[in-house]
Amino acid sequence: MKIHSQFVSKAQTKASAIAKQKVVISLLSLLLLAAGLFYSFNVLAETNLAGVEIEYINEPDLLSDPVQDLLADMNAAHESATDDTTDNDLWARIKDGYELPDVKSPYTSTHEEWYSTRPDYIQRMMERSQRYLFHIVEEVQKRGMPTEIALLPMIESAFNPQAYSRSKASGIWQFVPATGRHFGLQQNWWVDNRRDVTAATDAALDYLQKLHGMFGSWDLALAAYNAGEGTVQRAIDKNRRLGLATNYQSLSLPPETRNYVPKLQAIKNIVTDPEKYGLSIATMPNRPYFARVTTPKQIDAKLAAQLAEISYEEFSALNPSYNRPVITSQGEKHQLLLPVWAAEQFADNLANYDKPLTSWQTYTAKRGERVDSIAKKFGTNVHNLRMVNGLSGTSKLRASQTMLVPATYNTTTDNNDEAIYVSEFASNNIENDGIVDEPRATRRIIHKVKKGETLTALAIKYDTSTQTLKKLNGLRNSKVKVGQNLTIKQGDFKTVSFKTTKASSNRKSLRSKHIKTNHKSSKRIRARSHIRLR
């Protein structure tokens, strides 16, 4: 009985304590509610106690529970901080999109060792890649391609947009001139779009998709991207004749091509687990690095960088395709790439800039006129004038050759907007690989199809298109047979090599000295710049 009494006493005590807790909680709730109402009324007031105007909160927001909202925000922040998802980290997004089977090859180990012993090289490559990688991943995934493809510029160029190979391949995707032209990459005196980040990315992905359709596997497509589709097709045909396997690792390919896919595998392994190789790779935000801005049809590259308030090196890294210090086009406007954080600043500064947008103009050389005399006439030095116009140290001016020279202004000319006409430089059609395009009469030849040759390969070889070849030869599709005679209508240009000095063939953006001119009067320019994230 005594034990029962003690048990009841303890139960009553516990119940009393619970009741007290409920009372305390109720009181705290009332206090919180009162504080919330007081806060709400103050938020709805038009001014604070000091008489400073404050904004209203929308009425629906007052219906939510502030405590629950706070808890929800805290949970979301915690999940965001602890969960390394593809929403926040570009590397995680890339890893999540892997589709290529891993390559087991001794070549892979060799490349892993090479990269792992060069941490400075890896760091520079990764720093360069942060400008371009988000855009490339976006484009790769839009097409449903494996995200390993986005890593390909690491083995092609180490993400250096000015990379230039012995085979005259250029840009982060390393297009040779003929293949670049075949895929629409313009190459002339003004620009080399093999170095244009967005245009070359589109062209490279077009080419890779086409190769994948031809060979049916990504490793063979990558091999063909490196060595050419004809080389890969001939290796496949040879193995078929010998009754051997025709997969990538079984083919007899050039040494560089045998290393190509294993090299990409090595990069993939390092990106996936850098710590395993003693390397550290910084996280990369999964968001656009650059935006497109629309500009007037001509503007100095250095001025564009100044208006964006970024360094000229940063500007050149995003716009590496331009060969001249002035950016111009035949249309009324064109687009540049700028860091996202600089795009709006550029638009504002451009709209309020009241001086000429270019410090250059065209000049037609007179018969017998020398470069040194022209340099003296326009107050610049010979080296600078030659470099800007892509002239070697020994080359002589042609009669009536059009050149870029420092602009001059006077009281009768308000502005230099119409000083440069792209069409006047048509005869200066010099590509960055030291080739001049000279007009000539179109001619036709007959080509006998050899084993391993494809219509696309022939189109690239003769600088034409597959559609032109099909139309010219009455072909219903792109299939051609060994021994078949094809009529080839060669393009309207012939290729003539010429010698260049190191200065004139330099792939880097021109860094000409700024020429100061006295602007006695100028027309205020109000330009609207449209910004689009990519």
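Begin by selecting helix 11 (residues 218-227) and helix 12 (residues 229-241), whose axes come within 6 Å and cross at roughly 125°. Helices (H or I, at least four residues) and strands (E, at least two) are DSSP runs, numbered from the N terminus. Axes are lines fitted to C-alpha atoms, for helices over the stretch in contact, and angles run from 0 to 180 degrees between N-to-C directions. Helix 11 and helix 12 are therefore oblique to each other; angles under 35 degrees count as roughly parallel, over 145 as roughly antiparallel, 65 to 115 as roughly perpendicular and the rest as oblique.

Now show the side chains between these two helices. L220, A223, A224 and A227 of helix 11 meet E229, T231, V232 and I236 of helix 12, where contact means heavy atoms within 4.5 Å. By class, this contact has 6 nonpolar, 1 polar and 1 charged residues. Ala, Val, Leu, Ile, Met, Phe, Trp, Tyr, Cys and Pro count as nonpolar, Asp, Glu, Lys and Arg as charged, and the others, Gly among them, as polar.

The model is predicted: local features need pLDDT of at least 70, side-chain atom pairs count only at pLDDT 80 or more, and totals for chains, interfaces and linings use all residues. Residues are numbered from 1 along each chain as its sequence is written, and side-chain values use heavy atoms, with hydrogens and water left out.

Next, select V261 in helix 13. V261 is buried, with a relative accessible area of 6%; buried means under 20% relative accessible area, exposed over 50%, and partly exposed in between (1.4 Å probe, protein chains only). Which residues are in contact with V261, leaving aside its neighbours within four places in sequence? They are V103, D219, L222 and Y248.

The buried residues are A301, L303, A304, A305, L307 and A308.

Select E309, which follows helix 14 and lies in the loop between helix 14 and helix 15 (312-318). Is E309 buried or exposed? At 54% relative accessibility, E309 counts as exposed. E309 has a positive phi of about 60° although it is not a glycine. Most residues other than glycine have a negative phi.

Compare Q174, in the loop between helix 8 and helix 9 (177-182). Phi of Q174 is positive, near 55°, and Q174 is buried, with a relative accessible area of 14%.

Finally, display the whole chain. Its secondary structure comes to 20 helices and 9 strands, and 45% of its 534 residues count as buried.
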